[in-house]
Amino acid sequence: MISFIRVIKFAFQEIGRNAGLSFMTVVILVLMLLSVNVLWTVDVVTKEAVGLVKEQINVSLYFKAEASDQEVSEVKRTLNSFPEVLEIKTQSREEVLESFQSRHQLSPEVLEALNELGDNPFGPTLVIKTREPEDYKKILQAMDVPEYDNLVEAKSYEGNEEGIEKIQNITNRIERLGFWLSLIFLIIAFLIIFNTVRVAIYTHRIEISIKRLVGASNWFIRGPYLVESFLFTVLSIAITAGLIYLALHWLDPYLLLVFPNGFSLTNYYNSHIFLIFGLQALAVLLLTSLSSLLAMRRQLKI
Amino acid sequence: MIKLHGVTKVYNPESIGVRNLNLHIEAGEFVSIVGQSGTGKTTLVRLLIAEEHPTKGKITIGDWDITNIDSSNIPFLRRQIGVIFQDFKLLPKKTVYENISFALEVAGENSSRIRKVVPQVLEIVGLKDKMHRYPQQLSGGEQQRVAIARSLVHRPKIIIGDEPTGNLDSLNTVEIIEILKKINEFGTTVLLATHNREIVNSLRRRVITLRGGEIVSDEREGKYRL
């Protein structure tokens with residue numbers, strides 16, 4: 001216990017008496033964490049935007065007017081059995097008519113023609129949402145069987161096929177780019193942090209050898225550096241979190257203009273705070289501790 | 001106290017540190033190890049504090065065979081031996097007081113004893129009034145006295161000096177040797193590796209002469225002869 005208290009005391013002493021080096025180490029950690037968070041934020045915003053675009057895509061199955069509710073329910077049940085299907089909304093004949101009328105309320109000639117027909121000419125409609133845009137093809141292929149020919153009037157997907165594929169291509173590319181960008185960034189962050197810690201330890205190499213010569217055990221020497229790593233991590237995470245929240249406070253009003261669903265980065269960070277900063281703290285702590293231990297290995301052989 | 005049996009240290013075929021050393025140093029002796037640069041004095045010191053392991057032979061300190069001492073036991077060995085180096089080896093970011101207390105702290109000594117003992121050893125080396133200074137605020141002689149105080153603080157049975165006066169002027173050299181003599185009078189074994197002729201001749205104690213890594217003479221009351 002007494003050794004542990006001394007290790008903590010030495011860690012604070014080292015930080016205080018090497019204020020310049022400590023300051024630079026924290027600055028570099030903060031800069032790296034900020035970069036990681038910028039990338040994280042860009043990724044979140046991109047995913048949100050892609051999700052929003054995907055949400056706009058759906059496929060409608062227009063049934064013939066004579067299709068019965070039971071037949072529609074049967075098709076719905078079949079579609080629901082596909083794991084790719086996320087949601088199916090049923091619009092009754094009346095709802096389709098209402099929707100048509102409201103869409104064309106400024107076109108009296110269309111409404112007049114509808115009146116001429118007398119009866120509701122529309123059949124029920126199923127609006128299908130799948131997990132991924134490419135799933136639509138599969139769903140509709142499954143519907144493309146002769147037994148449904150007498151039931152289904154039209155499928156709206158065919159007309160949108162090209163658009164959906166384009167969106168799918170773009171979103172795939174963005175996701176792939178995001179992945180590689182994150183990977184490259186993480187490698188750079190790793191190398192910078194690793195080298196910063198190595199330089200810090202290198203400047204202490206003579207002190208480490210002296211400590212060994214006066215009978216300090218390896219853990220008594222390593223201890224303060226590990227505690228320092230912990231303190232640097234906590235400090236850099238706290239500073240980064242403060243700066244990130246400041247930036248989000250400024251950024252959120254702009255995002256509200258872009259995202260009609262009220263998406264807010266502050267809310268996102270609030271609800272994922274432990275995941276985001278906990279994960280980063282863990283990564284930095286592991287990285288700095290591991291770098292310290294590796295860098296000290298050579299000096300501790302004396 | 002210190003026994004070496006056929007100790008050889010080979011760094012590589014072209015560089016042999018010491019060769020077939022047989023040596024027995026009794027408790028309480030003051031022994032000078034002399035020889036020109038590169039004759040193996042420092043290798044011998046490094047072997048005794050387990051900075052190096054012998055290629056051949058056996059080293060015992062007291063009843064402890066340190067020939068192939070496990071790295072986890074090295075700190076315990078070093079807490080039993082006080083070592084003074086030519087370049088002082090003080091921690092630059094610690095004060096005089098902290099440099100000395102550090103040697104006790106690593107050994108798990110309690111704080112109240114540290115607070116009591118450190119000023120006492122600083123008193124012995126005449127630096128009590130400078131205990132809150134940093135090493136760079138002291139002269140070379142003062143820094144070496146701090147190093148001696150640090151080596152003394154855990155009351156070691158053996159003190160080894162590796163050219164401890166090599167960086168000092170003659171006045172400071174005399175002071176340091178006087179302190180070492182005083183320490184020896186209290187029963188501590190002192191091993192002094194040096195190539196300072198005046199010191200060795202003035203001591204009139206046992207002198208071991210090394211040449212080419214071998215002991216070429218071992219005299220009870222010797223003089224500096226190469």
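Two residues are taken to be in contact if their C-beta atoms, placed from the backbone, lie within 7 Å. On that basis, in this predicted model, the contact between the two chains draws 14 residues from chain A and 16 residues from chain B. On the chain B side, the elements that put in two or more residues are helix H2 (74-78) and helix H3 (96-105). H3(B) is the top contributor there, with three residues.

Chain B itself comes in two pieces: domain 1 (1-80 + 158-226) and domain 2 (93-155). Taken over C-alpha atoms, the centres of domain 1 and domain 2 of chain B sit 24 Å apart. Where these domains of chain B meet, the count is even, with ten residues from domain 1 and ten residues from domain 2. Helix H6 (residues 170-185) of chain B supplies the largest share of the domain 1 side, namely five residues. That side of domain 1 of chain B, facing domain 2, has six nonpolar residues, plus two polar and two charged ones.

Now for chain A, which has twelve helices and four strands. Its radius of gyration is 31 Å, whereas the globule rule gives 19 Å for 302 residues; the value for chain A is well over that, so the chain is more spread out than a compact globule. Along the principal axes, the C-alpha trace of chain A spans about 105 × 40 × 35 Å. As for burial, 24% of the 302 residues of chain A count as buried, where buried means that 20 or more other C-beta atoms lie within 10 Å of a residue's own. Among the contacts in chain A with a separation of 6 or more, 85% come from residues 24 or more positions apart.

An unreviewed UniProt entry lists residues 21-40, 177-201, 230-251 and 271-296 of chain A under "transmembrane region". Two of these spans can be set against the model. Residues 177-201 of chain A are 100% helix and 0% strand, with 36 Å between the end C-alpha atoms. Residues 271-296 of chain A come out at 96% helix and 0% strand, and here the end C-alpha atoms are 39 Å apart.

Key
Residues numbered from 1 in each chain as written. Chains lettered and ligands numbered in written order. Predicted model: local features only at pLDDT ≥ 70, side-chain atom pairs only at ≥ 80, totals over all residues. Domains from an automatic or database assignment. Nonpolar A, V, L, I, M, F, W, Y, C, P; charged D, E, K, R; others polar. UniProt positions renumbered as here; feature names shortened; annotations may be inferred. Rg over C-alpha atoms; globule rule 2.2 N^0.38 Å. Buried ≥ 20, exposed ≤ 12 C-beta atoms within 10 Å, placed from the backbone.
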